[in-house]
Amino acid sequence: MAGKKDKLFVKGNEAIAMGALAAGCKCFFGYPITPQNDIPEFMSKAMVDAGGEFVQAESEVAAANMLLGAGACGIRAMTSSSSPGMSLKQEAISYMAGSEIPAVIVNMNRGGPGLGDIGPAQGDYYQSTRGGGHGDYRLLVLAPASAQEAYDMTFEAFDLAFRYKNPVLILGDAIIGQMKEPITPREPKAVDPNEGGEWRLESTGGKRDHRIIKSLFLMDGELAGQNKKLQAKYDNMQKFVDFESYETKDAELIVVAYGSIGRIAKNAVRALRKKGKKVGLFRPKTLYPFPSVALDKLAKEGKRFLTIEHNLGQMVDDVRLAVRKHADSALFCVYPGNMPSPDDFEAPILKALKGK
Amino acid sequence: MTTKAKAVAPKVAANTASETEELVFDRPESMVDRATHYCPGCHHGIAHRLVAELLDEMDLTKKTIAVSSIGCSVFLYNYIDVDTVEAPHGRAPAVATGVKRARGDKFVFTYQGDGDLASIGMAEIMHAANRGERLTVVFVNNTVYGMTGGQMAPTTLIGQKTTTCPGGRCKDREGSPIRMSEIIAQLGGVVFAARGSLDSVKNIRQAKKYLKKAFEVQEQGLGFSFVELLSGCPTNWRMTPLAANKRITEEMIPYFPLGVYRDSTADGTCGSLVAPAEGGK
């Protein structure tokens, strides 16, 4: 049976739940919020069927803290939410980063600020890539542009979380979550029952010293040491950078966009290519680590850049930092609340192409 | 307290002159040999000891995962020799839910103060209790935020002066002190809820019985168990330890009466409250 099963036609949200299940997720802690409800709904049955645990928590705060508890025990665990709920989860996410607890967190980004709307948006880019809560820390941030990528990224997210003992964030949006597409599922992972055996909490069994998982470091030099250790870990994460490069080789202008906007922009780029325009697309698949080195290389080759985002301009900061030695980036924003189409992008891309 | 085992197999203190001298009172095995950071007269030491004695006596130490909370007792993990995870402020019951769901065969307890449990963590304690999580919560109520320097707590008594109600807590302005054991006892998943006190030897002995019952309830998989311990904070009460004990006796106990508020193992309601309904899925 070394191969692929039949294709499934599912929502992105369901793809994420299925990816988690195939990755050996054994605990799910959820709370209702649109547009991610399909994930806890799916998991409420799937976790029980898989011999795991599902809890509908009293709040996103509690759900994230349940995740902290299960993660501290070295169990593959997950929570999901959408923007307003993510704000509430930040407390526990900061603690998990500080105490080096592996976990997978899904944010199906909706319009903000405040209650915003329930449509797609990318307003949580800063929150996702700068840590999100208090203190210095980073999450690995994966940004799918399709149901298949949502499945695949969730499938791999647990391995990454345990490799780095760090929370991993899947950053989708209402488009990715609600759109139905065919996916090819993978063979379920065989999770090592001893995963995390060198640090996880499972009681002493009377055979070893007790373990403490904590983020409080009061002794002289202790916290600085922990922060140094965390920074080394984040440096080490840089090698897991991933991106899609489309028609960039001979392009004069490169559109930089991620997630659903990256996919819509790709259609615009494809249409313009048919009209003979030398444009390309660069789509970061990891937002942290950010593919700065690859962008710098393109900038060195003399490319120009246009960042397109579904927010007021957030990722553009990272693009500008990446290309700053050789270039700059123009910006085209789709305001959260508006739903873009490929046609909307052609004019700004052409304008930036003429540019200068 | 626990001296029985020691009397049977006496240890000889290493630095004693006489080889016949018997050690008749020692720290429980599950307590780490380390001086605590607690203030003179603080009752956390007694509460820790009661927990540790029971972990020893019930042979639970090796299968226990503790959840420490925010406040003076965050350092529980320095004193009790069990795997421990540190929860954010008030979230210990949620963290413990995650721990117990992940490792259902372990003995899991939280240890929380009144600011942690009855203020910022009110939602987490209520819902963990209501779900009937197989946890034990040790709730240390000293009517004040200790670690941060003596601010008003949800359990601060009317008229009690703190650094944030310097004129004394006023019911009309700050509301009334919350009686947690009474509230928790009303919730469906709770099998045992009791309030003890650490102000006298008699009450300490009784408190240990409550803790033992609570631990047994978890070990039997019956549901949620909760023990509140009225405790002194001489530093932030601006009192001597003896005066603090007297305050518990004379002021706290009348407002927070001691006793069992829920024991579903005794009144026959346990099974009907805790077992999931047949075909309920």
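**Figure 1. Strand β9 of chain A meets strand β2 of chain B.** I213(A) sits opposite V85(B), a residue of β2(B). Two bridges join β9(A) to β2(B), residues 83–86, and the strands run parallel. Strands pair if DSSP finds at least two bridges between them. Strands here are DSSP runs of E with at least two residues, helices are runs of H or I with at least four, and both are numbered from the N terminus. The model is predicted: local features need pLDDT of at least 70, side-chain atom pairs count only at pLDDT 80 or more, and totals for chains, interfaces and linings use all residues. Residues are numbered from 1 along each chain as its sequence is written, while chains are lettered from A and ligands numbered from 1 in the order in which they are written.

**Figure 2. An open sheet of eight strands draws on both chains.** Its order is β9(A)-β2(B)-β1(B)-β3(B)-β4(B)-β8(B)-β7(B)-β9(B), and the pairing is mixed. Which strands stand at the edges? They are β9 of chain A and β9 (259–263) of chain B. Each has a single partner strand, so one side of each is left without a neighbour in the sheet. Elsewhere in the sheet, β7(B), residues 190–197, and β8(B) pair in the parallel sense over seven bridges. G196(B) stands opposite L229(B) of β8(B).

**Figure 3. Chain A touches chain B.** The contact involves 36 residues of chain A and 28 residues of chain B. Two residues are in contact if their C-beta atoms, placed from the backbone, lie within 7 Å. On the chain A side, the elements giving two or more residues are β2 (27–30), β3 (53–56), α3 (60–72), α4 (83–98) and β9 (212–213). The largest share, nine residues, comes from α3(A). This side of chain A divides into 20 nonpolar, ten polar and six charged residues. Nonpolar means Ala, Val, Leu, Ile, Met, Phe, Trp, Tyr, Cys and Pro; charged means Asp, Glu, Lys and Arg; the others, Gly among them, are polar.

**Figure 4. Helix α2 of chain B is largely enclosed by the rest of the structure.** Why is α2(B) described as largely enclosed? Eleven of its 14 residues are buried. A residue is buried if 20 or more other C-beta atoms lie within 10 Å of its own, exposed if 12 or fewer, and partly exposed in between, with C-beta atoms placed from the backbone. Among the buried residues are H44(B), I46(B), R49(B) and L55(B). The buried residues of α2(B) pack against β1 (64–68), α3 (76–79), β4 (136–141), α9 (201–219) and β8 (224–230) of chain B. The helix covers residues 44–57 and should span 20 Å at 1.5 Å a residue; its end C-alpha atoms are 20 Å apart, which agrees. The expected span is 1.5 Å times one less than the number of residues. Just after the helix, D59(B) takes a positive phi of about 55°.

**Figure 5. A β-α-β unit in chain A.** β2(A), helix α2(A), residues 38–49, and β3(A) make a right-handed unit. Right-handed means that, with the strands pointing away from the viewer, the path from the first strand over the helix to the second runs clockwise. β2(A) and β3(A) pair in the parallel sense over four bridges. The bridge partner of G30(A) is Q56(A), in β3(A). P35(A) lies in the loop between β2 and α2 of chain A. The peptide bond from T34(A) to P35(A) is cis, with omega near 10°.

**Figure 6. I93(A) lies in helix α4 of chain A.** Is I93(A) buried or exposed? It has 25 C-beta neighbours inside 10 Å, so I93(A) counts as buried. Leaving aside neighbours within four places in sequence, I93(A) is in contact with A64(A), I105(A), G132(A), G133(A) and P167(A).

**Figure 7. Two loop residues of chain A have positive phi.** K165(A) is not a glycine, yet its phi is positive, about 45°. K165(A) lies in the loop between α6 (147–164) and β7 of chain A. With 19 C-beta neighbours inside 10 Å, K165(A) counts as partly exposed. E247(A), also a residue other than glycine, has a positive phi near 55°. E247(A) is placed in the loop between β10 (243–246) and β11 (253–256) of chain A.
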